[in-house]
Amino acid sequence: MNYYRYKKKSLPNKARGLSVVAWLIIINVIIYLLLLILNISLGSQFVEEITLKYFALTPSLILQGKSLISIILHMFTHIYFWHLLINMFVLYSIGGLCEKIIGRKRFLRFYLAAGIFAALLTIFLSGFFGNSELGAIIFGSPGVPAVGASGAIFAVLGTLAVLRP
């Protein structure tokens with residue numbers, strides 16, 4: 001009798017069946033709720049300090065070599081409920097179709113690369129051109145933190161526009 005007939009699976013069937021878009025939405029909501037719970041239990045000043053230090057993309061800190069993890073974490077962080085709601089609605093609306101067209105793995109790689117590219121572009125433009133008054137209006141001030149998945153979502157929208165004009 002063969003005892004190794006059935007392969008042990010790491011995730012339950014239901015979790016394995018979720019799309020990449022669903023996982024991205026779940027991760028964004030979990031991080032939002034975690035920050036909200038910490039905000040209620042520990043106080044807003046402490047959570048704001050943690051969020052700005054590790055999660056929010058602040059070009060001036062990145063250019064100093066600090067808080068480099070925020071290049072990735074900023075796209076999973078939302079401070080305001082409406083920002084989270086709108087970003088996740090748009091991701092759900094267009095991300096699912098894009099994922100079906102290009103595939104799960106390729107969509108995940110593209111989404112993460114697009115978010116990182118958006119962060120690097122923000123750092124470059126804000127850090128080098130945002131120091132003047134006009135530059136800060138156009139590109140943003142290097143000291144102002146940024147959070148949200150908007151950069152990656154705009155890239156998904158652009159990709160979908162190219163694939164299905």
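**Surface, core and loops**

Modeller: Please note that the model is predicted. One feature to begin with is a nonpolar surface patch of about 840 Å², made by Leu-63, Phe-124, Phe-128, Phe-129, Leu-134, Ile-137, Ile-138 and Phe-139.

Colleague: Which element supplies the largest share of the nonpolar patch?

Modeller: Two helices, α7 and α8 (133-139), each supply at least two residues of the patch. The largest share is four residues, and the helix that provides them is α8.

Colleague: Is Phe-129 buried, partly exposed or exposed?

Modeller: Phe-129 is found in helix α7 and is one of the residues of the nonpolar patch. Its relative accessible area is 41%. Buried requires under 20% and exposed over 50%, so with 41% Phe-129 is partly exposed.

Colleague: Ser-126 is in helix α7 as well. Which backbone oxygen does the side chain of Ser-126 reach?

Modeller: Ser-126 has a relative accessibility of 2% and therefore counts as buried. Leaving out residues up to four places away in sequence, Ser-126 touches Pro-59, Asn-131, Phe-139, Gly-140, Ser-141 and Pro-142. At 2.9 Å, its side chain reaches the backbone oxygen of Gly-140.

Colleague: Let us take the overall architecture. How many helices does the protein have?

Modeller: From the N terminus on, the elements run α-α-α-α-α-α-α-α-α. The protein has zero strands, and its helices number nine.

Colleague: What share of the residues in the protein is buried?

Modeller: The C-alpha atoms fill a box of roughly 75 × 45 × 30 Å along the principal axes. The accessible surface comes to about 10900 Å², of which 70% belongs to carbon and sulfur atoms. Of the 165 residues, the buried share is 32%.

Colleague: Which element gives the most to the largest nonpolar core?

Modeller: This core has 25 residues, of which Leu-24, Leu-91, Phe-107 and Tyr-111 touch the most other members. The elements that give two or more residues to the core are α2 (20-42), α3 (44-55), α6 (81-102), α7 and α9 (150-163). With seven residues, the element that gives the most is α2.

Colleague: How many residues are in the other core that lies apart from it?

Modeller: Among the members of that other core are Leu-57, Ile-71, Ala-119 and Ile-123. Its number of residues is five.

Colleague: Is Ala-149 buried or exposed?

Modeller: Ala-149 is found in the loop between α8 and α9. Beyond its neighbours within four places in sequence, Ala-149 is in contact with Met-75, His-78, Asn-87, Met-88 and Tyr-111. Because its relative accessible area is 0%, Ala-149 is buried.

Colleague: What is the relative accessible area of His-74?

Modeller: His-74 is also placed in the loop between α5 and α6. Not counting residues up to four places away in sequence, His-74 touches Phe-55, Leu-57, Gly-115, Ala-119, Ala-146, Val-147 and Gly-148. His-74 is buried, and its relative accessible area is 7%.

Colleague: Finally, which residue other than glycine has a positive phi near 55°?

Modeller: Most residues other than glycine have a negative phi. The residue in question lies in the loop between α4 (59-63) and α5 (70-73), and it is buried, with a relative accessible area of 18%. The residue with a phi near 55° is Ser-67.

Key. Residues numbered from 1 in each chain as written. Predicted model: local features only at pLDDT ≥ 70, side-chain atom pairs only at ≥ 80, totals over all residues. Heavy atoms only, no water. Buried < 20%, exposed > 50% of the residue type's maximum accessible area, 1.4 Å probe, protein only. Polar contact = N/O pair within 3.5 Å; in protein donor to acceptor, adjacent residues only side chain to side chain. Contact = heavy atoms within 4.5 Å. Patch = residues over 30% accessible without salt bridge, like charges linked within 9 Å, V, L, I, M, F, W, Y side chains within 5 Å. Areas by Shrake-Rupley, 256 points an atom, 1.4 Å probe, with all protein chains shown as cover. Salt bridge = Lys/Arg side-chain N within 4 Å of Asp/Glu carboxyl O. Core = buried A, V, L, I, M, F, W, Y, C linked by side-chain atoms within 4.5 Å.
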